[in-house]
Amino acid sequence: MRILLTNDDGIDAEGLACLENIARTLSDDVWIVAPAVEQSGKGRGLTLSEPLRVNKLGDRRYAVTGTPTDCVILAVNDLMPEKPDLVLSGVNRGHNVGEDVSYSGTVAGALQGMAFGIRSIALSQSLERFHDDVVAHWESAEAFGPGIIARLLEQEWEDGVVMNVNFPKLPPELIKEVEVTRQGFRDIGELHAVRRQDMRGRDYYWMAFRGKPHEHPQGTDLRAMDEGRISVTPLHIDLTHMRMINDLKKVLGGAPPKGPQEK
């Protein structure tokens, strides 16, 4: 089995080394194509207005001056001799649950693999808090990642599905369960801009999470993280709201309506 690894934390990230350890329990044919620098929060961004540079760092190991999506496209179309059988993206430093998945570069790497018809899995390791001094429990992802991936690969997947796996902020000995979950949603206002001022009196902003405690519904990825369970969520990219389609068909369809002034 040929496996492609990517991430959004960058080629030198601890989580990518963790992912490589996981992948090598599954195969000896492992390729790494990852961003040269951190690309967190870039979602499915493509680099369209400047060239991409590729630096070969070793056998089957490349750094790209672009996003996770760029990395997977370059890997599949140019850098690898054949299309991989599996794309693994991560292991992200910090979980990707709830609405995080819509702007996560980690999930985006897996989505691009899915777009090529490759089974793809995003993996993330939750943190006690997002701070440089906090050490992630990478050993938890390494302990449980191989078994979960192997079990997922035994199953049939529908087209257009990626798997989003999140490990809780606990050491392996305290993790007792894995749960298949649905995507949850936080309260509005969790993400906000913090205004600060530079030495010349000009305002600038940092994007930040409020980190307020919430009671998340049972069965969601957010609740699994709250309660120390591994979360496995099948995701798909179809954003169509089917119930709203039926409502809209009652008022739109056929000849386009005239403007209010033309009644």
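## Terms and model

The model described is a predicted one.

## Backbone features

Most residues other than glycine have a negative phi, and most peptide bonds are trans. R60 sits in the loop that lies between β3 (54-58) and β4 (61-64).

V91 belongs to strand β5, made up of residues 86-93.

## Helices α2 and α3

Two packed helices are described by the angle between their axes and the distance between the axes. For helix α2 (residues 68-79) and helix α3 (residues 105-115), the axes come within 8 Å and the crossing is at roughly 30°. Angles under 35 degrees count as roughly parallel, and α2 and α3 are therefore roughly parallel to each other. The crossing of α2 past α3 is right-handed.

On the α2 side, the contact involves P68, T69, V72 and I73; on the α3 side, G105, A108, G109, Q112 and G113. Sorted by class, this contact of α2 with α3 holds 4 nonpolar and 5 polar residues, and no charged ones.

## Helices α1 and α4

Helix α1 (residues 14-23) and helix α4 (residues 138-153) form another pair, with axes that come within 9 Å and cross at roughly 35°. α1 passes α4 in a right-handed crossing.

From α1, the residues in contact are E14, G15, C18, N21 and I22, and from α4 they are W138, A141, E142, G145, P146 and I149. The contact of α1 with α4 has 6 nonpolar residues, 3 polar and 2 charged.

## The second largest pocket

Rolling a probe the size of a water molecule over the atoms shows where empty space is left. The second largest pocket holds about 450 Å³ of space. Its lining has 20 residues, and those nearest the centre of the pocket are V101, Q183, L235, H236 and L239.

Which elements give two or more residues to the lining of the second largest pocket? They are α3 and β11 (230-236). β11 supplies the largest share of this lining, 4 residues. By class, the lining of the second largest pocket divides into 10 nonpolar, 6 polar and 4 charged residues.

Notes: Residues numbered from 1 in each chain as written. Predicted model: local features only at pLDDT ≥ 70, side-chain atom pairs only at ≥ 80, totals over all residues. Heavy atoms only, no water. Axes fitted to C-alpha atoms, helices over the stretch in contact; angles between N-to-C directions. Parallel < 35°, antiparallel > 145°, perpendicular 65-115°, else oblique. Left-handed = near helix turned anticlockwise from the far one by under 90°. Contact = heavy atoms within 4.5 Å. Nonpolar A, V, L, I, M, F, W, Y, C, P; charged D, E, K, R; others polar. 1 Å grid on protein atoms, 1.4 Å probe; cavity = no way out; pocket = protein on both sides within 12 Å on 5 of 7 lines; lining within 4 Å. Points joined across faces, edges and corners; volume = space filled by probe spheres on them.
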